[in-house]
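Let us walk through a protein model piece by piece. Keep the sequence beside you as you read.

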Amino acid sequence: MTPPDWKEKIRRRYEELKKAGKPFFPDIIFKDTVAVLLVLAALVIVVLVVPAPLEEIADPTDNTYNPRPDWYFLFLFQALKLFPGSLEAVAAIILPTLVLLFLLFLPFIDRSPKRHPFDRPILTFAGLAAIAVVATLTYAGLKSPLLNPVVPKDAMVLAGQQLYQNLHCSYCHSINGRGGLFAPDLSTVGARRDARWLAEHFRDPQAVSPHSLMPRLNLLPEETDQLVAFMGTLGGSGPFTEEAPKLFAEHCGACHNLDGQGGDTGPELTTIRTYRDKGTVYTYIRDPSSMNPGSIMPGFQNALTDAQIEDLSRYLMSSQRKPE
C-alpha cells in the first residue's frame, strides 16, 4: 500500500532540507545555547529592575487578608465564582482535565499537514475563543471587588505582634489553634478583656490573677502598650476602617444606640459583641428577614457593598471602638 501523495511530498521535502541543512552539533546546539542565555539575561534584568513585591509575613491571626492568586491564575480564580458550592470541583478539576486531555489527543485528532490558520478554521476559532474566555475571566478577576475592607496596619499592633513573637509567648499561649496549651487561649482575648485589665496583667500577672503562673515580664511602658494593642485585635472581628463609624451614623444611628449615641427605635448595640458573633451580625445587616422574618429593619445588601457590610459588622463587634 503506497503512502498518500502529501506524505510522500513531505518526506521528499524533509530529505532535501536535511541534505542542504547544517549538523545538529555544534551548529544547532550553539544557536540554542545563545537563545537560552539571552532569555536568562532578560529575566535577570527584569528581576533586578522590577523586583517581585513581597507581602508581610503570613499571620494566622489576621482575618482581614484578601487572598489573590498571581495574574496567570486569575481566570481560574474568577471561574470558581461561576461554580459555587459543590460545583467548584467542576471548574477546578474536571474542566482543566478535559482541556488537557483534548490538547494531549489533538495531534491524533487533527492529522492534516496544513499549517496555515485559515486552512483549519474550526480549531483556529476554538483556540481564539479559548484565549478570549481566559482573557475575559482574567480581567474580571482583576477588577473583582475585595471581600474584606482594606485597613492600614497599625504600627502599635505590628510592634505588639513582633514583641509577642520575640518573648516566645506562643510557647504557653495559643492563637487560633497555633501555640502551646499550657496557658489560656488568646484567640478572643480582645473581646473578653479590656485594655486596662490587659495592661495591669502584663505589669503584674499575680496582682490580677493570684493563681497565675505567668512570670513578670518587666516590660517598658511602650512595650506594654504595644502588647495591649495587639491583644485588642484578637477578638474574632478584626479591625475596621475610618469609614465604619460614618457608615453606622448614616445608616444605623437613627434607630440604634451605640456607646450612648443614636436612636432608640431599634435594639441598643453597645454590648452586641457579648451575645452575637460577627457572622451573625454581618448576615443580619445584609438581610434581616433571612434570620427574622418579622423584622422591620431594611436589608442593606443593595445599599452597601459586601466590604462595607463587613467593615460595619467589625465596627460593631470591636472592643476598640472607644479609646481607653
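Where is the place of N218? N218 sits in the loop between α9 (205–208) and α10 (221–232). Helices here are DSSP runs of H or I with at least four residues, strands are DSSP runs of E with at least two, and both are numbered from the N terminus.

Some ground rules come next. This is a predicted model, in which local features need pLDDT of at least 70, side-chain atom pairs count only at pLDDT 80 or more, and totals for chains, interfaces and linings use all residues. Residues are numbered from 1 along each chain as its sequence is written, and side-chain values use heavy atoms, leaving out hydrogens and water.

Most residues other than glycine have a negative phi. N218 is not a glycine, yet its phi is positive, at about 55 degrees. N218 has 65% relative accessibility and counts as exposed. H168 is not a glycine either, and has a positive phi of about 60 degrees. Look for H168 in the loop between α6 (155–166) and β1 (174–175). With 41% relative accessibility, H168 is partly exposed.

Now go inside. A nonpolar core is a set of buried Ala, Val, Leu, Ile, Met, Phe, Trp, Tyr and Cys residues joined through side-chain atoms within 4.5 Å. The largest such core has 18 residues. Y164, L186, F202, F230, M231 and L234 have the most contacts inside it. Helices α6, α8 (195–203) and α10 each supply at least two residues of this core. Take L186 and its contacts (heavy atoms within 4.5 Å). Leaving out residues up to four places away in sequence, L186 touches Y164, H173, S174, I175, R192, M231 and L234. There is also a second, separate core of 16 residues, which includes L247, L258, L269 and I309.

L247 leads us to a helix. Which residues of α11 (residues 244–251) are buried? They are A244, L247 and F248. Seen down the axis of α11, these buried residues fall within an arc of 100 degrees, so they line one face of the helix. The arc is that of the directions from the helix axis to the C-beta atoms. An α-helix has 3.6 residues a turn, so residues three or four places apart point the same way. The buried residues of α11 pack against β3 (257–258) and α13. On the other side of α11, K246, A249 and E250 are exposed.

K246 also has a charged partner. Its side chain meets that of E243 in a salt bridge, at 3.7 Å from N to O. A salt bridge is a side-chain nitrogen of Lys or Arg within 4 Å of a carboxyl oxygen of Asp or Glu. K246 is exposed at 51% relative accessibility, while E243 is partly exposed at 44%.

By this rule the model has six salt bridges. One of them joins R120 and D110, whose closest N and O atoms are 2.6 Å apart. Both lie in the loop between α4 (88–109) and α5 (121–143), so the pair ties together parts that are ten residues apart in sequence. Another links D306 and R286, at 3.5 Å from N to O. D306 lies in helix α13 (residues 306–317) and R286 in helix α12 (residues 278–286), so this pair ties together parts 20 residues apart in sequence. Finally, E8, R11 and R12 are linked in a network of salt bridges.

Notes:
Buried means under 20% relative accessible area, exposed over 50%, partly exposed in between (1.4 Å probe, protein chains only).
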